[in-house]
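Here is a briefing for a reader new to this structure. It takes the sheets one by one, then the spaces, then some local features.

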Amino acid sequence: MLEHEKWMNLALEISKEQRALTSPNPWVGCVLVSESGQVFLGKTQPPGGKHAEIMAIDAAGRHARGSTMYVTLEPCSHYGRTPPCTKAIIDSGIKEIYIALLDPDAKVSGEGLKELESYRINCHLGLEAKKVATELLPYLKHRTSRRPFVILKLASTLDGYIAASDYSSKWITGEEALTDAHQLRSESDAILVGANTVRVDNPELNVRLVEGRDPLRIVLGKVDQNRKAQPVLQWEKSPEELLDYLGEKNILQLLIEGGSKVAGSFHKKQLIDKYVIYFAPAFLGDDNGVSMMSGSGIAQISDIWRGKFHDMRTLGQDIRIDVVQKSFDAMIDNLIQLPYGHLK
């Protein structure tokens with residue numbers, strides 16, 4: 001089994017290289033091991049391009065016959081922008097396939113696995129499923145809830161302030177944290193800020209420090225047309241309606257970047273899936289500073305919201321801390337066991 005885990009983990013790692021390129025399609029990795037031990041790799045191309053399985057089969061050529069495939073997500077069995085991957089797998093003569101997860105998309109939803117098994121290909125489901133589900137969580141959430149995965153990103157001093165009393169916030173954290181934040185932007189389909197953030201900071205809200213596509217820019221409220229963050233979608237309805245709208249537009253991941261009112265409103269309504277906080281080794285030391293979240297707070301400590309640390313890393317002189325709901329692991333387990341074809 002360790003050998004099989006090695007190849008699935010390799011498929012997972014190469015899938016991450018496409019994280020910012022494939023949306024609204026899933027970023028999938030595939031490893032093909034020939035009977036003689038040769039290894040061929042494939043990863044999903046941008047929309048309209050070949051899927052990971054086809055890339056690996058093309059790379060293997062005649063060596064695909066009799067080989068074993070490792071793929072992070074169930075191969076598709078329908079015609080879309082590209083032909084079905086199941087047909088290519090069957091025609092290539094692959095004898096065995098390890099699949100980490102079934103695809104919850106209504107067009108797939110177990111049909112790919114059924115077709116492969118009907119042609120007597122030896123199929124195994126669930127290898128490294130939890131790791132793959134964690135990586136593909138924005139895609140899985142969208143396909144099962146019709147809403148995007150929501151990340152709140154904040155840069156803060158150690159005493160919990162994201163800006164001084166005059167609302168100035170450049171630069172709390174250093175270059176490494178800023179670059180990492182741009183990586184988050186490149187992986188997100190949309191970015192959200194409040195109108196006050198646009199008026200005060202006049203941000204561009206694009207991807208500059210890493211390679212990747214610019215996200216859809218959204219402002220809660222109205223802003224002047226001469227702001228740098230143009231074009232923008234100006235939204236004046238509720239956060240819940242926004243998430244429903246973005247889900248309909250195939251937005252897999254929404255990144256919230258500010259300010260404190262927006263952060264507080266989404267937090268209080270429990271609409272945030274992951275909190276990414278960059279802490280600088282700095283103190284503002286001012287009661288009039290802008291805190292991470294504004295709005296009415298809890299009345300007593302027993303009502304405090306508690307999550308769990310998901311990841312921690314240093315970025316230059318700063319620290320990035322990722323926090324998720326306490327139910328995060330249960331949510332992953334639920335997605336792995338979900339009876340696909342039925343939205344929850």
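Strand 14 and strand 15 (residues 318-325) run antiparallel to each other and pair over 8 bridges. The model is predicted: local features need pLDDT of at least 70, side-chain atom pairs count only at pLDDT 80 or more, and totals for chains, interfaces and linings use all residues. Residues are numbered from 1 along each chain as its sequence is written, and side-chain values use heavy atoms, with hydrogens and water left out.

- Helices (H or I, at least four residues) and strands (E, at least two) are DSSP runs, numbered from the N terminus.
- Two strands count as paired if DSSP finds at least two bridges between them.
- Met312 has Ile321 of strand 15 as its bridge partner.
- Both strands belong to an open sheet of 8 strands, ordered 10-9-8-11-6-12-15-14, with mixed pairing.
- Strand 10 (233-235) and strand 14 (307-315) are the edges, and each pairs on one side only.
- Neighbouring strands of this sheet are turned by 25° against each other on average, direction ignored.
- Axes are lines fitted to C-alpha atoms, for helices over the stretch in contact, and angles run from 0 to 180 degrees between N-to-C directions.

- Another open sheet has 5 strands in the order 2-1-3-4-5, and its pairing is mixed.
- Its edge strands are strand 2 (39-43) and strand 5 (122-125), each pairing on one side only.
- The twist from one strand to the next averages 15°.
- Strand 3 (residues 68-73) and strand 4 (residues 96-101) are parallel and pair over 5 bridges.
- Tyr70 stands opposite Tyr98 in strand 4.
- Helix 4 (residues 111-118) lies across strand 4 and strand 5, at about 150° to strand 5.

**The largest pocket**

- On a 1 Å grid over the protein atoms alone, a pocket is an open set of points with protein on both sides within 12 Å along at least five of seven lines, and a cavity is a set where a 1.4 Å probe fits but cannot get out; lining residues have an atom within 4 Å of a point.
- Grid points are joined across faces, edges and corners, and a volume is the space filled by probe spheres set on the points.
- The largest pocket holds about 1000 Å³ of space.
- It has 40 lining residues, and the closest to its centre are Ser169, Thr197, Asp201, Glu257 and Gly258.
- Helix 8 gives the largest share of this lining, 6 residues.
- Elements supplying at least two lining residues each include strand 7 (161-163), helix 7 (175-187), helix 8 (195-201) and helix 10.
- The lining divides into 19 nonpolar, 11 polar and 10 charged residues.
- Ala, Val, Leu, Ile, Met, Phe, Trp, Tyr, Cys and Pro count as nonpolar, Asp, Glu, Lys and Arg as charged, and the others, Gly among them, as polar.

**The cavity**

- The whole structure has 1 cavity of 30 Å³ or more.
- The largest cavity has a volume of about 40 Å³.
- Its lining includes Arg19, Ser23, Trp27, Glu187, Asp189 and Arg213.
- That lining divides into 4 nonpolar, 4 polar and 4 charged residues.

**Local features**

- The structure holds 19 salt bridges (a side-chain nitrogen of Lys or Arg within 4 Å of a carboxyl oxygen of Asp or Glu).
- One of them joins Lys222 and Glu236, with the closest N and O atoms 3.9 Å apart.
- This pair links distant parts of the chain, 14 residues apart.
- Most residues other than glycine have a negative phi, and most peptide bonds are trans.
- Ser23 and Pro24 are joined by a cis peptide bond, with omega about 10°.
- Pro24 sits in the loop between helix 1 (2-16) and strand 1 (29-33).
- Gly258 and Gly259 are also joined by a cis peptide bond, with omega about -5°.
- Gly259 is in the loop between strand 11 and helix 10.
- Arg146 is not a glycine, yet has a positive phi of about 65°.
- Arg146 lies in the loop between helix 6 (137-145) and strand 6.

Note on methods. Contact means heavy atoms within 4.5 Å.
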